[in-house]
Amino acid sequence: MQVVKEYVRRWYESELDPDEYLCHQRQGNMVEIEEAETGTRRTVLTFCTNDVLGLTQNESVKQAAIDSIFQYGTSNSSTSVLSGRIDLHRQLEDEVSKFKHLPHTQLFLNAWMGMQALMDAFCHLAIPIPGFEHTRETLIMTDVLNHGCIVSALAHAGTRSGKLFGYSPRVRVKAYRHCDMEDLARKLKRYVHPGDRVMVVSDAVFSMDGDIAPLPEMIEILSNYPDSTLVMDEAHATGAIGSTGRGIYEHFGLKPQDAIDRGINPLILSTFAKFGASVGAAISTHVAELKPLLNCSPTSIGTCSLAPPLTAAALQSFRTVQQHPELVSRLQESTRYLRSRLAAQGFEAIGETNVVPVLLPTELNPKVYARELMELGIWVSPIWFIAKPRIRITVNALHTREEMDCLVAAMVKVRELMYKEEAATISA
């Protein structure tokens with residue numbers, strides 16, 4: 001344990017550890033939080049929640065979760081393939097399928113498990129079948145800035161999870177430059193072998209840069225590889241982009257059928273932790289046979305199914321956004337407003353979605369910047385452990401223009417304060 005103690009000590013000394021806050025209550029975007037280290041409590045305006053449509057506080061969503069507990073209890077206490085499947089699961093899968101325009105959907109406890117289940121199902125066909133030998137290799141192309149759940153799944157894509165010593169055909173994983181379609185096309189030509197099963201996987205909206213994958217170009221490129229598979233992780237896209245919040249296909253005026261018509265198998269990963277007022281994930285497909293493979297993957301067989309209140313909250317969220325598309329319009333209008341206000345004050349906000357990363361000059365420490373904002377009653381996420389440090393702001397449908405103006409004014413004030421402090425340090 002000595003090496004662990006030394007590691008953590010150096011971790012703390014390098015200030016790589018995040019500041020920790022405990023939430024006590026929330027009303028709208030006003031949150032009472034406690035600083036874990038000092039016990040100091042304060043009420044702040046939050047711009048770091050992923051509750052993009054504000055549905056965690058929606059009365060119908062909360063009531064649906066409550067009602068499900070009285071009908072099913074707090075947990076299903078089993079896996080889906082044994083005794084843990086309830087009718088709410090079927091309803092949620094059907095609702096996700098309708099929303100995403102793909103007829104077959106499988107639920108998971110989270111996106112990490114969903115992505116690993118997909119690797120098991122696609123690369124290794126999940127479970128061995130007597131008399132059938134799977135011999136085709138798989139080539140997977142991944143955007144270099146894909147989310148950690150994708151990176152983790154791909155790191156283990158070479159072996160069926162839980163079957164470390166079993167034989168499976170080789171899986172080759174290659175990265176292409178961020179949203180660079182020339183690089184993707186070039187590397188597919190270089191790395192695809194005859195007989196390969198080809199998969200390209202990408203975030204729809206990138207969580208650290210707030211930009212959108214070039215879906216039409218991806219479809220065009222993959223149309224040259226018949227029966228290829230295109231996986232879009234729509235964690236930050238569902239509820240946020242597209243005229244009714246249906247995600248990246250709607251954003252570009254497409255449907256998954258457009259990919260199918262070009263000989264491509266579209267898969268969509270949806271998560272419920274952002275717009276869905278819950279937790280959990282789902283993979284949607286037009287291939288019915290994929291669903292039992294996903295359901296029988298080790299990550300599904302070995303875990304309890306999605307709890308009733310979480311399922312009910314997600315289900316009601318999907319229904320609510322379809323009943324009230326103005327929530328999506330409000331979110332997108334607020335995003336445009338905040339981005340324009342930041343630009344007017346000289347801040348470099350990259351991307352184009354409600355995920356608004358603001359790049360800071362190298363001389364400004366994001367953690368210190370965020371702490372100063374906290375003193376002014378504003379809560380944002382400092383990101384300091386990647387190449388270009390930034391403050392990540394997330395807009396939601398509950399934010400008012402007055403609240404966004406308050407954020408920008410505070411950011412200007414902190415910027416001026418930190419430059420004054422730096423100048424004073426240099427002169428001293």
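Helices here are DSSP runs of H or I with at least four residues, numbered from the N terminus. By that count, S317 sits in helix α12, which covers residues 308–323. Please keep in mind that this is a predicted model.

**The sheet**
- Seven strands form an open sheet with mixed pairing, in the order β4-β10-β9-β8-β7-β5-β6.
- At its edges are β4 (104–108) and β6 (171–176), each of which pairs on one side only.
- From one strand to the next, the twist averages 20 degrees.
- Within the sheet, β8 (residues 228–233) and β9 (residues 264–271) run parallel and are joined by 6 bridges; S228 stands opposite I264 in β9.

**Helices on the sheet**
- Helix α6 lies across β5 (138–143), β6 and β7 (197–203), and runs at about 150 degrees to β6.
- Helix α7 also packs on the sheet, where it touches β6, β7, β8 and β9; its direction makes about 165 degrees with that of β8.

**How α6 meets α7**
- The axes of α6 (residues 181–191) and α7 (residues 215–222) come within 10 Å and cross at roughly 20 degrees.
- Angles under 35 degrees count as roughly parallel, so α6 is roughly parallel to α7.
- The crossing is right-handed.
- M181, L184, A185 and L188 in α6 meet E217, M218, I221 and L222 in α7.
- The residues of this contact comprise 7 nonpolar, no polar and 1 charged.

**A look at S317**
- S317 counts as buried because its relative accessibility is 0%.
- Beyond its neighbours within four places in sequence, S317 is in contact with L55, V61, F275, G276 and A277.
- S317 and G276 are 41 residues apart along the chain, yet their C-alpha atoms are separated by 5.3 Å.

Key:
Residues numbered from 1 in each chain as written. Predicted model: local features only at pLDDT ≥ 70, side-chain atom pairs only at ≥ 80, totals over all residues. Heavy atoms only, no water. Helix = DSSP H or I, 4+ residues; strand = E, 2+ residues; numbered from the N terminus. Buried < 20%, exposed > 50% of the residue type's maximum accessible area, 1.4 Å probe, protein only. Contact = heavy atoms within 4.5 Å. Axes fitted to C-alpha atoms, helices over the stretch in contact; angles between N-to-C directions. Parallel < 35°, antiparallel > 145°, perpendicular 65-115°, else oblique. Left-handed = near helix turned anticlockwise from the far one by under 90°. Nonpolar A, V, L, I, M, F, W, Y, C, P; charged D, E, K, R; others polar. Pairing = 2+ DSSP bridges.
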